[in-house]
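Let's take a walk through this structure, chain by chain and then across the place where the chains meet. Keep the viewer open as you read.

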Amino acid sequence: MTPLKHILRSIMISIWFMFLTFPLMVVYINPLNYTVTWRWKNMIMVGIGTFFASFFWRRFQNRTVGNNDKPSLGQKTLNHIYTSPEISRMLLGVLILFTLSFPFIFSTYQTNVFTTALMYVVLGLGLNIVVGLAGLLDLGYVAFYAVGAYSYALLNHHFGVGFWVALPLGALVAAFFGILLGIPVLRLRGDYLAIVTLGFGEIIRLILENWDKVFFGPSGISNISRPAFFGVELVEKSIPHAIKYMYYLVLLLVLFTIFFVNRLKNSRIGRAWIALREDEIACQAMGINKMRTKLTAFALGATWAGMVGVIFAAKTTFINPASFTFMESAIILSIVVLGGMGSIPGVILGAFFLVLLPEYFRTLGDYRMLAFGASMVIMMVFRPQGLISHIRTKYNFNAKEPLA
Amino acid sequence: MNVILDVKNLTMDFGGVRALNRLDLDIRAGEIVALIGPNGAGKTTFFNCITGIYNPTGGDILVTPPQKKTVRVNGVKPHIVTRMGLARTFQNIRLFQNMTVLENIMIGRHCRTQSEILGALIRGPKTRAEEEHIVHYSYALLKKIGLERQVNEFAKNLPYGDQRRLEIARAMATDPFLLLLDEPAAGLNPQETTDLVDLIHKIRTEDKISILLIEHDMKLVMTLSDRIFVMDYGKKIAQGTPGEIRNNPVVIKAYLGEDSDA
């Protein structure tokens, strides 16, 4: 394209943006004295800004279009990191040191935010089993999260059951619900499955909201005990300690989840899941039990949501149905898709991205969600495969002679 | 020789349409049998009935695995049929596109291996040995079909002919005694077709696997098969050796249409 064409296109884009941002940036209604202020200066600023941004972006793209076949610089560095053991070991060391010392370097607030992010990492990795590996689009994942949280809250409220007993119990109850949901939807796929799971998520939330006698309705359950530290109850006074403890607890769960999912992914079961995602009929014709494979994926995904649910209840010490809306499911699903389906580092990065960005965008005030949405759109336009796409295991047969 | 697949009176209705009409067919151990017929004759429906994808309306499908008792497989789930030793390929290639060539074959080993979630988590000696077996077995199969250089390539990136071969290898990985090939030569060039004929011969003689194939390439059918079954409108209209089928007036009529002057 010639520079003139670039300029023309950029002008078109800037006009379009001026039109789009008109109600937001130009019209200002003052409700106190019933006046409307027209801020035309803003419009000119937007126009000039988008014009230059678009122009330089086009120039930049034009220059890189020649070597499109070659992997981008980012991909190359990533590959380099993956393949070189020294660099990856060093990075891992730095990462471990950073995560371990985090609560001692940063404030309680930051630690709390990071704990939440880590919880979403686990949720993302759990949903990744269902969506990323087995290819079952689940829009009601939050239901299992709620099941876990309410299991602990109710057990604690009525019977005083402690956190460590409730953790496996909550996971089990959630897994049971996973199978319960799995059985009727075994025949469904894609859009249909998405709708059914969406309905399931809403059913769980509505039951929690309306069955007051059992679940305490919209007012929720409060005074849930925090986890005990080797049998020692942490008293309310030491909340900073409790937060630090919670951080390490979640970190431990994250490590365990990564370990587990990584092993599963490269196992007989993991391969069966991926095959199921790729082609259901061929998968059955290869001797894979479709029903069982789907149910294990559902149950395992739910198990993780249940565990995080228990942790969530223990962390906030108060839960109500408002924490388990469809929005949560959507965010967890976005973590998986944005991070890269099936990719563990991708999901981890996606979780941090989606949890930390809105948190740190608070300074932007009203524009927070706008910036959040825009960054998601930009992400999907430029990296539809996710932040870090899934890399298949490679096998090397140079020296070895096969036995069979 | 003993019959390994015996189909009697097989009928399949889809609503009011009778796709298979009282079909009889048998395959003996070590045979290469072809199933031919015009488009829409019901050949693929027949495959789907045998492999458990459809539950036939009537009739019997009797399978006799080597050194085992005869089993009726009507309406048995596809994965169990595969476990019994019937493996198939598909008319429109159904590979796992986003998995590597080796992984595709490794999936074929699924029904012959056992490790479960706990095994995958702990990865004890048994699981590791099994995993090693899967990898080596699959690689040996790849070598056999001549795709060992593309081990880590995605299945979708293979040329069409190689994809057909890979699908056959994947079916072989399930240790079948009867291989069902649905139009294995469709879309292949003459050279690839010749290679395919060699491969099928090799599978029969070296691996002692019987083969039932659907095919439209008459040259391939005539050179390869011991016996041929001909179908039209869901019915068997003829059966016999290639020589007999070639000169059968009923078959010629089904393929070329009836001469209106006669």
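This is a predicted model: local features need pLDDT of at least 70, side-chain atom pairs count only at pLDDT 80 or more; totals for chains, interfaces and linings use all residues.

Start with chain A, which is divided into domain 1, covering 3–60, and domain 2, covering 86–382. Taken over C-alpha atoms, the centres of these two domains are 40 Å apart.

Now look for the nonpolar cores. The largest one has 108 residues, and the members that touch the most others are A:Y145, A:W273 and A:I311. Helix α6 of chain A, residues 108–133, gives the most to this core, with 15 residues. There is also a second, separate core of 40 residues, and B:L141, B:L179, B:A185 and B:L224 are among its members. As a general point, nonpolar side chains tend to be buried together in soluble globular proteins.

Leaving out residues up to four places away in sequence, A:W273 touches A:I129, A:L133, A:A134, A:L264, A:T293, A:T296, A:A297 and A:L300. A:W273 is also one of the buried residues of α12(A). That helix is mostly covered, with nine of its 11 residues buried. Besides A:W273, the buried set includes A:R268, A:R271 and A:L276. At the start of α12(A), you can find a side-chain oxygen of A:S267 that comes to within 3.3 Å of the backbone nitrogen of A:I269.

Two other spots in chain A deserve a quick visit. A:N156 sits in helix α7, residues 142–159. Is A:N156 buried or exposed? A:N156 counts as buried because its relative accessible area is 10%, and the cut-off for buried is under 20%. A:A228 and A:W164 are 64 residues apart along the chain, yet 7.8 Å separates their C-alpha atoms.

Next, cross over to chain B and find helix α3, residues 101–108. This helix is mostly covered, with eight of its eight residues buried. Among them are B:V101, B:L102, B:E103 and B:N104. What do the buried residues of α3(B) pack against? Their partners are α5 (125–145) and α6 (160–172) of chain B, together with α12 (268–278) of chain A.

Chain B puts 44 residues into the contact and chain A puts in 37. About 3900 Å² is buried between chain B and chain A, with 64% of that area coming from carbon and sulfur atoms. There is a polar side to the contact too: 14 residue pairs are in polar contact between the two chains, counting pairs with both residues at pLDDT 80 or more. On the chain B side, the elements giving two or more residues are α2 (78–84), α3, α4 (117–122), α5 and α6. The largest share, nine residues, comes from α5(B). Four salt bridges are found across the interface. To see a salt bridge up close, go to B:R94 and A:D279, whose side chains meet at 2.7 Å, N to O.

How values were computed
Residues are numbered from 1 along each chain as its sequence is written. Chains are lettered from A and ligands numbered from 1 in the order in which they are written. Side-chain values use heavy atoms; hydrogens and water are left out. Buried means under 20% relative accessible area, exposed over 50%, partly exposed in between (1.4 Å probe, protein chains only). Helices (H or I, at least four residues) and strands (E, at least two) are DSSP runs, numbered from the N terminus. Contact means heavy atoms within 4.5 Å. Domain bounds come from an automatic or database domain assignment. A nonpolar core is a set of buried Ala, Val, Leu, Ile, Met, Phe, Trp, Tyr and Cys residues joined through side-chain atoms within 4.5 Å. Buried area is the accessible area (1.4 Å probe) that two parts lose on being put together, summed over both. A polar contact is a pair of N or O atoms within 3.5 Å; within protein, one must be able to donate a hydrogen and the other to accept it, and residues adjacent in sequence count only if both atoms are side-chain atoms.
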